[in-house]
Amino acid sequence: MVNPSTITPPSSEEHTFHNAIESSSHQIPPSSNKSRGRPLGSKNKPKIPLVINQDSDLALKPIFIQVPKNSDVIEAVVQFARQCQVSITVQSASGSILEATLCQTLPDTSTFVVFGPFTLISLTGTYINNNCSFRISFCSNLGQSFTGIVGGKIIAGDDVNVVVTILKEL
């Protein structure tokens, strides 16, 4: 057993980094005063902060339109744009539809109507300065899928939710 009076606590100077290096078997070369790492000014430069003002008049503003059962989805979207006097783009839509009027893919051909019920997969398009163009994709319960250019009415089967973005004021 060791007598506590013979143990002397080490001084705080003995536990410093430089004392530990000097007491080790490795000697510090005289030219080691250089700092380690990358030279000043290389890489890791501060980035300029990017400020996004969300109250900007040019910011895109998503709007949710709920079209009730048995109403024309396209007419509701166009009427919203006219009433608000804005140009819009339709980002997406979801719900069920009962009827869709599509254009034939060939130019100068007639439209045709398909009767559902259908599940609306996608509705995209724009309304700019009283001109509109919309594309739609939908499927039946039997696995049939339809995609095309809207040529007339899209009648909602249940409430259809449409997400539009205001592009600019007219």
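Helices (H or I, at least four residues) and strands (E, at least two) are DSSP runs, numbered from the N terminus. I note that this is a predicted model, in which local features need pLDDT of at least 70 and side-chain atom pairs count only at pLDDT 80 or more, while totals for chains, interfaces and linings use all residues. Residues are numbered from 1 along each chain as its sequence is written, and side-chain values use heavy atoms, with hydrogens and water left out.

**Entry: S96.** I looked up S96 and found its place in strand β2. Its side chain reaches the backbone nitrogen of D158 at 3.2 Å, and I read this as a polar contact (a pair of N or O atoms within 3.5 Å; within protein, one must be able to donate a hydrogen and the other to accept it, and residues adjacent in sequence count only if both atoms are side-chain atoms). For contacts (heavy atoms within 4.5 Å), leaving aside neighbours within four places in sequence, I listed F118, L120, A156, G157, D158 and V160 for S96.

**Entry: the core.** I then turned to the largest nonpolar core, which has 30 residues, with I88, I97, L123, I136, V160 and V162 having the most contacts inside it. Such a core is a set of buried Ala, Val, Leu, Ile, Met, Phe, Trp, Tyr and Cys residues joined through side-chain atoms within 4.5 Å, where buried means under 20% relative accessible area (1.4 Å probe, protein chains only). Its largest share, seven residues, comes from β2.

**Entry: I136 and its strands.** Not counting residues up to four places away in sequence, I136 touches I97, L102, L120, S122, L123, F146, T147, G148, V150 and I154. G148 in β5 is also the bridge partner of I136. I counted strands as paired if DSSP finds at least two bridges between them: five bridges join β4 to β5, which run antiparallel, and nine join β3 to the likewise antiparallel β4. In the hairpin of β3 and β4, with two residues between the strands, N129 takes a positive phi near 50 degrees.

**Entry: helix α2.** Which residues of α2 are buried? I found V73, I74, V77, V78, F80 and A81. At the start of α2, a side-chain oxygen of D72 reaches to within 3.2 Å of the backbone nitrogen of I74, and after the helix comes Q85, whose phi is positive, near 55 degrees.

Terms used
Buried < 20%, exposed > 50% of the residue type's maximum accessible area, 1.4 Å probe, protein only.
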